[in-house]
Amino acid sequence: MALVACEECGREISDKSVACVGCGAPTPAPVQAPDSVASKQSTELPAAAARAAHSEFRPFLWVSLILLSVVAVSLLWRMASSGPAARSPAEIEAKRKSEEQTNVLLAVKDCENRYAQMNSDRQYTPAELRAYAQVCEQIRSNYKAKWGVDP
């Protein structure tokens, strides 16, 4: 290995280096003797590896872009198809009342189930059980008064 002067900055660098360590200027390609087949192969290997990696990356990139596009289109399709349809105020009010009725009915059923559970636990006093029973009865009577049927 011999030291040569960089053509740009004049710094001494190895004759086998690719670029100057001081200024980054490329070094002139060394004249290779026909006997140095090993050195030729060593300089061609990184370039061949880079080309192989680049050619392997390109199909992966295209497949990734296609899959990403399919996912984006399917998400946009779902958003467009499941968007809120134009409803009349009467339809909205009917749906709200139906949901409210269902929620109160579920509250009545939950209250009754909880009362039965409390009664079977035998850890609550009769006063606590009566108070809970009154709450359940109040919910039932409110339901009947509002919708005209027993829950």
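Select Thr27, which sits in the loop between β2 (12–14) and α1 (37–81). Keep in mind throughout that this is a predicted model. A polar atom of the Thr27 side chain lies 2.6 Å from the backbone oxygen of Ser17. Now show the surroundings of Thr27: leaving aside its neighbours within four places in sequence, the residues in contact with Thr27 are Ile13, Ser17, Val18, Ala19 and Cys20.

Next, go to Ser14 in strand β2. Ser14 is buried, with a relative accessible area of 17%, where the cut-off for buried is under 20%. Draw a distance from the Ser14 side chain to the backbone nitrogen of Lys16; the value is 3.1 Å.

Now the cysteines. Select Cys111 and Cys136, which are joined by a disulfide with an S to S distance of 1.8 Å. Cys111 belongs to helix α2 and Cys136 to helix α3, so the pair ties together parts that are 25 residues apart in sequence. Cys111 and Cys136 are both buried. Cys20, in contrast, is in no disulfide, and its nearest cysteine sulfur, that of Cys9, is 3.7 Å away. Cys20 is buried, with a relative accessible area of 4%.

Move to Cys23. Its closest cysteine sulfur, in Cys6, is 3.7 Å away, which is too far for a bond, because a disulfide requires the sulfur atoms to be within 2.5 Å. Cys23 is partly exposed, with a relative accessible area of 40%. The disulfide count comes to one.

Finish on helix α3, residues 126–147. At 1.5 Å a residue, the 22 residues of α3 should span 32 Å, and the end C-alpha atoms are 31 Å apart, which agrees. Colour Leu129, Cys136 and Tyr143 in α3: these residues are buried. They cover an arc of only 50 degrees around the axis, which puts them on the same side of α3. Turn the view to the other side of α3, where Arg130, Gln134, Ala145 and Lys146 are exposed.

What do the buried residues of α3 pack against? Show α2 (89–121): the buried residues of α3 pack against this helix. Cys136 is one of the buried residues of α3, and the disulfide joins Cys136 to Cys111.

The last stop is Gly148, which follows α3 and has a positive phi, near 75 degrees.

Terms used:
Residues numbered from 1 in each chain as written. Predicted model: local features only at pLDDT ≥ 70, side-chain atom pairs only at ≥ 80, totals over all residues. Heavy atoms only, no water. Helix = DSSP H or I, 4+ residues; strand = E, 2+ residues; numbered from the N terminus. Expected span 1.5 Å × (residues − 1). Buried < 20%, exposed > 50% of the residue type's maximum accessible area, 1.4 Å probe, protein only. Arc of directions from axis to C-beta. Contact = heavy atoms within 4.5 Å. Polar contact = N/O pair within 3.5 Å; in protein donor to acceptor, adjacent residues only side chain to side chain.
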